[in-house]
Amino acid sequence: MAGKIVALAGGVGAARFLEGLASVVAPSRIYIVGNTGDDAEIHGLPICPDLDTVSYTLAGLAHPERGWGIRGDTFHCLQALTRLRAATWFQLGDRDVATHLYRRERLRQGATLSQVTREIRAALGIRAEMVPMSDSPVRTRIITRRGELEFQNYFVRRKARDAVLGVRYEGAEQARPAPGVLEAIHGAAGIVVCPSNPIISIGPILAVPGIREALRQTPAPVAAISPIVGGRALKGPAARMMKSMGWRASAAQVAELYRDFLDVFVLDGVDRDEARRVEALGIRTVVTNTIMSGVPQKKALARTVLKALELA
Ligand code: FO1
């Protein structure tokens, strides 16, 4: 097969799906485009939560329950910062800090985020290709009644409790896709939009000029997996965010958000009644179990998606 399987990825949901995908196809066939909209500078360190979550998961290092951070990590540095009365609401583990120190050093030396991401990926032994959506900063800002909140302030510090009136992807208009992203989309064998939050994980990727257009124009089939099951998000605040933005919190609503470029929509058995609504948009549907409770379920979902893309 010539082209790669291109995956648009957010954090934990995407990482779990990609773990399954990497175990049913050669990882070298996978090209991951990661969200950087929720990147933040914390204690002077450049944190890329979604890139790191996917890397740690594919390297077998991820914390099994939380999904983000490193399994068995310690928090001595954070405790020392607490003693210094620094704000420590963002849980940075000691080993995780090493990733951010390395990234800061390389960025200061003039490396791009794509280069550093590749270096970290190679050092962790990950064989799938992985790039950030852009080398220029794009920052998701959450519009609430309290005003605009920086993403991690909204998500971690304030525990996503504010009603979301809107979202702004600061810097997106000036951003360019990372080198290779448009070519990968145009030359892909198939494309998967991972089961990630459509507003804060996939939205920033689609906001980078050229990416949405490339998805519309590519000859490759494009599939998406619903992150909403039975009206609830698999993880995180997606359902609540969709409702507070005036949308339905449903699988069909996610398909509608992607309707201009989507060929196939994969939704859970509990949402089978929504399939007709999606098909009415001209999008083919595949109904399956999308809950990735263990390795067999992750692999089964990956195989179903490959079949939907006619790659298996
Ligand atoms: N999520 C949290 O809910 N609380 C945290 O303290 C936290 C720390 C953290 C540290 C490193 C990292 O890579 C991710 C971290 N996350 C944390 C996840 C992060 O907020 C992600 O942006 C979200 O999970 C959305 O994808």
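These questions and answers cover salt bridges and pockets in a predicted model.

Trainee: How many salt bridges does the structure hold?
Mentor: A pair counts when a side-chain nitrogen of Lys or Arg lies within 4 Å of a carboxyl oxygen of Asp or Glu. By that criterion, the number of salt bridges in the structure is 13.

Trainee: Arg106 and Glu119 meet in a salt bridge; how many residues apart in sequence are the parts that the pair ties together?
Mentor: The N to O distance between the side chains of Arg106 and Glu119 is 2.8 Å. Arg106 belongs to helix α4 (residues 94-108) and Glu119 to helix α5 (residues 113-123), so the pair ties together parts whose separation in sequence is 13 residues.

Trainee: Is Glu129, which forms a salt bridge with Arg121, buried or exposed?
Mentor: The closest N and O atoms of Glu129 and Arg121 are 3.5 Å apart. Arg121 has 14% relative accessibility and counts as buried. Buried means under 20% relative accessible area. Glu129 has a relative accessible area of 18%, so Glu129 is buried.

Trainee: What is the N to O distance in the salt bridge of Glu256 and Arg248?
Mentor: Glu256 is partly exposed at a relative accessible area of 26%, and Arg248 is partly exposed at 29%. Their side chains meet in a salt bridge with an N to O distance of 2.6 Å.

Trainee: Which residues are linked with Arg141 in a network of salt bridges?
Mentor: Side chains of opposite charge can pair when their charged atoms come close. In the network that includes Arg141, the linked residues are Glu148, Arg168 and Glu170.

Trainee: Which helix gives the most to the lining of the largest pocket?
Mentor: The largest pocket has a volume of about 840 Å³ and is lined by 40 residues. Elements that each supply at least two lining residues are α1 (12-24), α2 (49-58), α4, α6 (151-157) and α8 (198-207). With 5 residues, the helix that gives the most is α2.

Trainee: How many charged residues are in the lining of the largest pocket?
Mentor: The lining draws at least three residues from each of domain 1 (5-138 + 170-308) and domain 2 (140-169). By class, 20 of the lining residues are nonpolar and 12 polar, and the charged ones number 8.

Trainee: Which element supplies the largest share of the lining of the second largest pocket?
Mentor: The second largest pocket has a volume of about 280 Å³, and 18 residues line it. At least two lining residues come from each of β3 (40-42), β4 (45-47) and α4. The largest share is 3 residues, and it comes from α4.

Notes:
Residues are numbered from 1 along each chain as its sequence is written. This is a predicted model: local features need pLDDT of at least 70, side-chain atom pairs count only at pLDDT 80 or more; totals for chains, interfaces and linings use all residues. Side-chain values use heavy atoms; hydrogens and water are left out. Helices (H or I, at least four residues) and strands (E, at least two) are DSSP runs, numbered from the N terminus. Buried means under 20% relative accessible area, exposed over 50%, partly exposed in between (1.4 Å probe, protein chains only). On a 1 Å grid over the protein atoms alone, a cavity is a set of points where a 1.4 Å probe fits but cannot get out, and a pocket is an open set with protein on both sides within 12 Å along at least five of seven lines; lining residues have an atom within 4 Å of a point. Grid points are joined across faces, edges and corners, and a volume is the space filled by probe spheres set on the points. Ala, Val, Leu, Ile, Met, Phe, Trp, Tyr, Cys and Pro count as nonpolar, Asp, Glu, Lys and Arg as charged, and the others, Gly among them, as polar. Domain bounds come from an automatic or database domain assignment.
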